[in-house]
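Student: I would like a close look at a single chain of this model. Please take me through it step by step.

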Amino acid sequence: MKPRLNFEWLHGCSGCEIALLNSGELLFSLFQLVDIVHFPLLMDHKYIADPGEEGDLSLPEADIGLVTGGVGLASHLKILTAMRRQCRVLIAVGTCAGHGGIPAMRNQWTAGQTMETVFSTATTDTAPVPDGVPALLDRVSSIDEQVRVDVCLPGCPPRPEMIIAVLEALIQREEQRLPHKSVCETCPTVRTGKGQATIHRGTVRAAYTPGEPLDRMRCLLEQGLLCMGPVTAGGCGGRDVPLCLRSRVSCRGCYGPVRKYGNQLLDMMNALASNGIDYRTIIDRTSLLRFSGAHGRLRPKGERK
Amino acid sequence: MIGHNGSVDMTASEPVGAVMVIGGGISGMRAALDLADSGYYVYLVEKTGAIGGAMPQYNKVFPTNDCSMCIIAPKLVECGRHANIRILTLGSVLDIAGRPGDFVVRVRQKPRYVDTEKCIACGQCSAHCPQSVDDPFSGHIAGRKAIYIKYPQAVPFKYQIDAEACLYLSQEGKCGVCAEICPPEAIRFDDRALEEEIRVGAVVMALGFQTFNPAVIKAWGYGVYPNVITSLQFERYLAPDGPTSGVLHRPSDGKPVRRIAFLQCIGSRDKHHCGNEYCSSVCCMYAIKEAVMVKEANPELEVTIFYTDIRTHGKEFDRYFERARSETGIRFVRSRIHGVEPRGTRGDLRLHYISVQGRQVEEIVDLVVLSVGLETADDMVSLADRIGIQMTPDRFAAISAFMPVHTSREGIFTCGAFNGPRDIPQSVIGGSAAAASVAVLLSGARHSLTRTASFPLEQDVRLREPRIGVFICHCGTNIAGVVDIEEVAAYAATLANVVSVERNLFTCAQDTQDIMGQQIRDRELNRIVVAACTPRTHEPLFRATLRSAGINEYLLEMANIRNQNAWVHGFDQQTATAKAKDLIRMAVAKVSGLRALHPLRIPITPSALVIGGGVAGMTAALNLALQGFDVHLVEKTGQLGGNALHLFQTWSGEHVPRYLDGLRSEVVNHPRIAVFYHSTVVEVAGHVGNFTTTLRGDSGRRKTVRHGVVLITTGAKRYIPEEFEYGKIPKVVASIEFDKLHMHNEARVARGTSFVFIQCVGSRNQERPYCSKSCCTHSIQSAIKLKKEAPSRRIYILYREIRTYGQRERLYNKARELGIVFINYELHGPPKLSRERDGVLVEVWDHVLHRPLQIQADVVILASATLASPDASDLANLFKLPLNADGFFQEAHAKLRPVEFHVDGVFVAGLAHYPKPLEESISQALAAAGKAGCLLARKEIALEAYVAQVDPGRCDGCGLCIEVCPYRAITLVEYEDEKGVVLKSVVIDQVLCKGCGICQGTCPKQGVDVAGFTCAQIEAQVDAALDDTVAEGT
Amino acid sequence: MNWDAKIIAFCCNWCSYAAADLAGISRLQYSGSIRIIRVLCSGMVHPQQVLHALDKGAAGVMLIGCHLGECHYLKGNEVALARAEVIVDTLEDLGYASERFELTWVSSAEPERLVKAFHHMIARLADLDRGSPVFTAGGAGRLINET
């Protein structure tokens, strides 16, 4: 009998799901590996999750649970708790589930400020917050802040190959072999250790000779472009060239911090400052935590402790 | 017969492999360390209770403004714990018998009255001692007890009793409180003087100096007016660890100081008052330094330095002076003050002087600092007399410029200020040079008397669970009097991995070491925590204990519960006890994660590459060859000699060409020296111990040499003047050209009746803000010779400052006595030259007569600057060495490492380092050879244990750490994984790495860590400090 | 002062650690809040360790190196200085009061200066925490919806 699988989607954009569904034959290998018993995006499975409503979530029991997205609403927490309860192994899929992801950028403001900005400022409407909008939790958290998580599989989105590989390893009871080094590991650009004294604005493009292979291009960070590669978990390109680099664009940091408790903002600024680079030339530093604002890293500005 | 560099025919018998160094100041310490490091047993005789000499008294040192204590403390400790240095404190040499290679020295040690084996320097004796006396260490501005340590960082760190001040010793048994309270019972009132006869092969006299006592001359009011102090006292006022904690106030009334006057040349350049005719060389710089320091701390202060000439002739000194003058607002007045008077009764002081404009000026200040000179103490002069070495009229050791560390008695060497007044780097160079010269004399006895310890086989702890032993020291009552040791010990036993907890009265005592060893074996301990005093003094001791017990010495962590706990929370037992638990918990957390470390040992190729065949290069090459090492000497021209080929005499009148001939023939005939003419270095690989260098000869042929060390002696070149009509008027010549004309008595000279020397041509200007150091002396010597040949000749020297430093001052005095005219000019008003009939018309502003002066000159001699060698930058790149702004090689540390670089195994000497006279080049070359010899004398070198290591599981070669490494030890490499994917990683050169951990602080993924201080270990300590449940055992 | 939070002081082996020893020899007294951790150079400390200590409940973190120009390793303290700016800025970015971090220079012969620096830091932190509950361990990762 094949293992049973639950799949839930919390505070995310559906990118993880689309990537998986769009992966062609790989999707069929998923179907061959497991019996999907709960996957609201694919299957019509009714359950109660709305806030305020009474009653237990009626999720089926499963051997493996995949969760995408972080936790931003009370309903997310409810579903997540139920997933944890019903699944023997719980896997955080994608950067939102693992590190908060883009939605966690709102942790720079209070929930009230966020609601006001979205619904009641001049750029949108000046109306009050409409009824029926579910209340936000005070901040967006990754799922491991709320429940125990067995495997964390980052990516925005993660490579479908990696999802399948993780499931395969799990079923075969093999050791998980997730990438543990940074984007630089498989980046072929030329590094000398000597960089620019300042960091260019985002509008500056990489310098390279058209047609020249990537392994002849100078490291983007050394060119003075803010490449997040050194502080970001690798794996986006498999064992091949990282994805953004293939387009000669610097890494945005979407796989989250390379070290489990690393801080992409602090680690990056520190590495720059240590090398004598004027890190204050970087506009909107906090956006370096754009993918990893959970775990209490991003906090409302006024909240100094 | 003594050859150059002092090689002695030693056919008689094997020399003794021990050396006595007399004097524990910086010069003597350097000599002792170099000798002990190169295979000789050293007896270091110090007349006071602790080594260190004068440096510990200084607040800062010029021109780096380093804290003096900070830089000397590691050297003190190194001397104190060196297995092959025996320090004899309170010692004096009575006499020396025997011959070179085999002397017998009689040494007398005064009683200390404290058993150094037992004293733990807790200071309780001093705290309870009722008797206070003036403290000479502070220049008598503060007191100390009758039982005392000379200064807080003293080595040996043991108390001593001043017998004259002690009530018990001077008044027959009164008091004795120290003996009653001393926790380890170390007081020995029955201690007696000890006389010893010591056999050594050579003696180094580093007798040092004393500062001139200005009280002997009434005019300055020292000892009469409390607000007249010496520069040494001022130094103690400024010192943060001094009696006023660095706060300056008027000694008379404790009020803040508003106006300070420094008076220069007190006890120097002063034949009439005190007979010290020489210049003390260091006072201008130290006065400027003190002025800068006090001005920085109190910007509103008015500071004036009254000087005769500003003698800032050393490396970076003129820049320091210029900054002081232009940026800090210190006023410099060229005038010699002959008296200080009181004004009123409130302690103000009045100074009279005649300004440069010739006016009488009166100034009121509230503090006068006398910049006292250096002189040889009477007892040192009589020691020299007893030993039978010659002295100069200025009461310094008589030396030849060619053999600057040899006394007149064979086998007895000399260094430091005893050789003439000099600053710290010169003294350090002297110490190393003396050691190098001893090494030649005693090369046959190297390693014959030194000891090396042997240790049992080390157990492998890699696969074992940590079994931690905790040893908690009572330190008598020092710790136990404040910390509840019983409670702490019970707590320590509950911590994870702790299998044994012991309490000791004195953990450092020898019997405790035996107990520790026994415990380690009995209870199979594999990691040790010692909760006691500071690792800075005691870690080496406990490491040795670990080694003797067969575990790796790095599996030790100390919890500093004395200096950083019991002593700083002396009134709060609860806090101290709680903190002691925390500190032990932190140490246990760290020690659990420690790994055994085995410092890399690399073999050494026992040969040297010397680049540059001038006097410095030849001197170094010959010294190393005579020490028994092979030398490759590279010279870019076709002949040896360098700049000295243009010199005729030294400042002391010794004949250079004859010396040069002798040196050259010794070098080319020495079987261990291979000279490569017309050759340059084109490629370098390797590092200390094992360099591979490619040379290119003039035909383009390449040759590769392997060597363990490199000496850079590439010299300098002379400045070709662009000013003063040089090259346009034939009667305007550079001084080197003039020397040749003079020697051949060429017509211009022979018939000349009027000569003008112009100083500082190309030196001390905007473009080259440094002093070329030897030109003043050189011009004055030429002038004297001209004048002596024909006293009717009119000779003028146009100068900016006359810098006949040290004993050269006699030349200046003689020149003036002979009627040579000295005229001062300023940088902004240089002399103007024009052709006139068959001579030259020189126009210059006369500051004494206050009008322009016209001189008809037959010959004008330009004292042109010394420039850095243009080849220096190529060589600097090849060996990764720094150059200073003037293009000279930048040594590792201006004060204490004057011939080394931060790159190990590379040394510098001579003009490549900075302009200097021949004597100093030779001294520096010997020092460089000495340092090189220290390395070559070992068969292998052990590198740092605390070096950075790459974690291959984490490093992905992002390269962010490469540029941050100050030692260029990190490089990027590519490798293939098992699937053939090309990956990158950094690698760290274990030889170049010094373990600073800047890489560790930079790496975003903890991919590189310094062993012993890894991120994980530091975090374990942080966690343990903050969470008292974290390390508790189950 | 009734304030018992802990302060981590990373002290350079060559200067401030020696000054701390000397403070003991001179019997200078200071608060029991300080926990000194010996490092080889101020340039060795990664800002992450400062953040880590605060996350784990330290009231403050001090990094004490040699005076500029006196680094045993040429430029470690200069790098530490550059990083200190990052730490100050980032602490604010991450919602910590940057007063919780202090970089200062103390030579091995300046025990008074060291003790002054300790006093000053403690006063500053006590001020900061006055009126608000002393920040305790676990606070950094604390989620509002947990409470």
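What pLDDT does chain B average, and what share of the residues score at least 70?

Tutor: Start with confidence, since this is a predicted model. Chain B has an average pLDDT of 93. A score of at least 70 is reached by 98% of the residues. Two stretches need care. Residues 1-11 of chain B stay under 50 in pLDDT. For them the model has 28 contacts beyond four places in sequence. Residues 1030-1034 of chain B are also below 50. That stretch has 15 contacts in the model beyond near neighbours in sequence. Where pLDDT is low, the predicted coordinates should not be read in detail.

Now go to strand S39 of chain B, residues 754-761. This strand is mostly covered, with seven of its eight residues buried. S39(B) pairs with strand S40 of chain B, residues 794-799. The pairing is parallel and runs over five bridges. One residue pair to find on screen is B:Ser754, whose bridge partner in S40(B) is B:Arg794. Between these two strands the chain passes through helix H20 of chain B, residues 775-789. B:Phe757 has B:Ile861 as its bridge partner in S45(B).

Next, an open sheet. Five strands of chain B line up in the order S15-S22-S16-S17-S18, with parallel pairing. The edges are S15 (228-230) and S18 (331-334) of chain B, each pairing on one side only. From one strand to the next, the twist averages 25 degrees. B:Val228 stands opposite B:Val368 of S22(B). Helix H6 of chain B, residues 231-238, packs on this sheet and touches S15 and S22 of chain B. The direction of H6(B) makes about 120 degrees with that of S22(B).

Finally, look at the side facing chain C. There, 47 residues of chain B are in contact with 48 residues of chain C. Several elements of chain B each supply at least two residues to this side, among them H2 (68-81), H15 (573-592) and H25 (1015-1026). H25(B) gives the largest share, eight residues. By type, this side of chain B divides into 21 nonpolar, 15 polar and eleven charged residues.

Key: Residues numbered from 1 in each chain as written. Chains lettered and ligands numbered in written order. Predicted model: local features only at pLDDT ≥ 70, side-chain atom pairs only at ≥ 80, totals over all residues. pLDDT = per-residue confidence, 0-100. Contact = placed C-beta atoms within 7 Å. Buried ≥ 20, exposed ≤ 12 C-beta atoms within 10 Å, placed from the backbone. Helix = DSSP H or I, 4+ residues; strand = E, 2+ residues; numbered from the N terminus. Pairing = 2+ DSSP bridges. Right-handed = clockwise from strand over helix to strand, strands pointing away. Axes fitted to C-alpha atoms, helices over the stretch in contact; angles between N-to-C directions. Nonpolar A, V, L, I, M, F, W, Y, C, P; charged D, E, K, R; others polar.
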